Amino acid sequence: MLTTQTSVVHDLGTLAHRLSHPARAPCVCEPPQVLADRPDGTVVRSGTIVAKAHAADTDREALAARIALAAAPPLAGILLPPLPAPAPAAPTARPVTLWPLGAPVDPTDPGAAPWAEAADLLARLHRTKPPFPLPPMRGPAKAARAVARMRAALRAGTTALPGVPAALSDDVTAPPRVPAVEPRDPAALSVLAGWRALPPWARGEVPVPAQRGGFLCHGDLHLGQLVRHPAPDGPWLLIDMDDAGVGDPAWDLGRPAAWYAAGLLAPEDWSVFLDAYRSAGGPAVPADGDPWPALDVPARALTVQTAAVALAKCAAEQRDPDEHEQLMIESCARIATLPPELATGPAS
């Protein structure tokens, strides 16, 4: 069970259907719907149940702690709680978690994006004392993995981008390996220069400095990580705990900050987000004054991560970066000229 990608989708659909369908009732259910299907996470919905198969190489002890966090009473009203899940069929099977269905953010209505609600949830999460020992938040490690994935994808020779050698046939869906030879594409060189300009902790090479760490963090905040539950009009909650843990709370503000700095998030939306976070007592930034000394490094790291993922996708799909992807790549070139960290201290 849950060994190949095809069987993963089938078995998740069967499991979700069995749990959502009343026993002995005539079945008029729609077929299970695949919400995501990647080696690092396959998600299938049936009725009001969502089943997720996590990556085969998932740290199961860390995942169990993260799922327990979502179910912990102090996080009620902040995190979507999980449903009881069966034990894996075999030690090698991909771990599975079950979740109630929520209503996601409507991607066709950017004006209704819940920036204030997302900021309030983050502030409440960051203010909550960890209820038990947790692993580190995986944000920096995820950024490092994105850069390695970009290197492997460009080296694989699956791209038509100029200046990239057609070499090995690495499977870019497998755990990426850092190649011996760096890519020569100018866009990739900008991303790598931005990456090297970051301090070691933001690259996942050393622990987060003590003065920045110790807070509950989501680890991968974007609007796709919010749902209304109960659907369709319940309160907004945070979902997807795969990267949660303790760390620097500014990381959770890093992606909106990066989008704002690159011109992808409107200034008014950024102001709504930042003001709501501060109003809710979020500890990632000062209560007033300049927030950028705290946000600078996470924003830069997530700019590099976004650009690296974009270039990996471009390589796999043999296309040029689109307008939004190009903005993030160009931001990496600017990042490379900055010192590793802005001076910290009292907000000015």
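**Stop 1: the second largest cavity**

Start with the lining of the second largest cavity, which by class has three nonpolar, one polar and three charged residues. Keep in mind that this is a predicted model. Select Gly219, Asp220, Leu221, Trp251, Asp252, Arg255 and Leu302; these residues line the cavity. Its volume is about 30 Å³. The structure holds two cavities of 30 Å³ or more.

Which helix gives the most to this lining? Color residues 250-262. That is helix H6, and it supplies three residues.

**Stop 2: histidine 126**

Keep Asp252 on screen. It lines the second largest cavity, and it is also in contact with histidine 126. Now center on histidine 126, found in helix H3 (residues 115-127).

Is histidine 126 buried or exposed? Its relative accessible area is 2%, so it counts as buried, the cut-off being under 20%.

Leaving aside neighbours within four places in sequence, histidine 126 is in contact with Phe215, Leu216, Cys217, Pro249, Asp252, Leu253, Tyr277 and Pro283. Asp252 and Leu253 fall within the range of helix H6, residues 250-262.

**Stop 3: the three-stranded sheet**

Stay with H3 and switch to cartoon. H3 lies across E7 and E8. Against E8, the helix runs at about 50 degrees.

Select the strands next. E5-E7-E8 is the order of this open sheet of three strands, and the pairing is antiparallel. Strand E5 (103-104) and strand E8 (236-238) are at the edges; each has a single partner strand, so one side of each lacks a neighbour in the sheet.

Zoom in on strand E7 (residues 226-228). Three bridges pair E7 with E8 in the antiparallel sense.

**Stop 4: the four-stranded sheet**

Move to the other open sheet on this tour. Four strands make it up, in the order E1-E2-E3-E4, with antiparallel pairing. Which strands stand at the edges? They are strand E1 (33-38) and strand E4 (96-100); each has a single partner strand, so one side of each is left without a neighbour in the sheet. Look along the sheet for its twist, which averages 15 degrees from one strand to the next.

Select strand E2 (residues 41-46), which is antiparallel to E1 and joined to it by five bridges.

Terms used. Residues numbered from 1 in each chain as written. Predicted model: local features only at pLDDT ≥ 70, side-chain atom pairs only at ≥ 80, totals over all residues. Heavy atoms only, no water. Pairing = 2+ DSSP bridges. Helix = DSSP H or I, 4+ residues; strand = E, 2+ residues; numbered from the N terminus. Axes fitted to C-alpha atoms, helices over the stretch in contact; angles between N-to-C directions. Buried < 20%, exposed > 50% of the residue type's maximum accessible area, 1.4 Å probe, protein only. Contact = heavy atoms within 4.5 Å. 1 Å grid on protein atoms, 1.4 Å probe; cavity = no way out; pocket = protein on both sides within 12 Å on 5 of 7 lines; lining within 4 Å. Points joined across faces, edges and corners; volume = space filled by probe spheres on them. Nonpolar A, V, L, I, M, F, W, Y, C, P; charged D, E, K, R; others polar.
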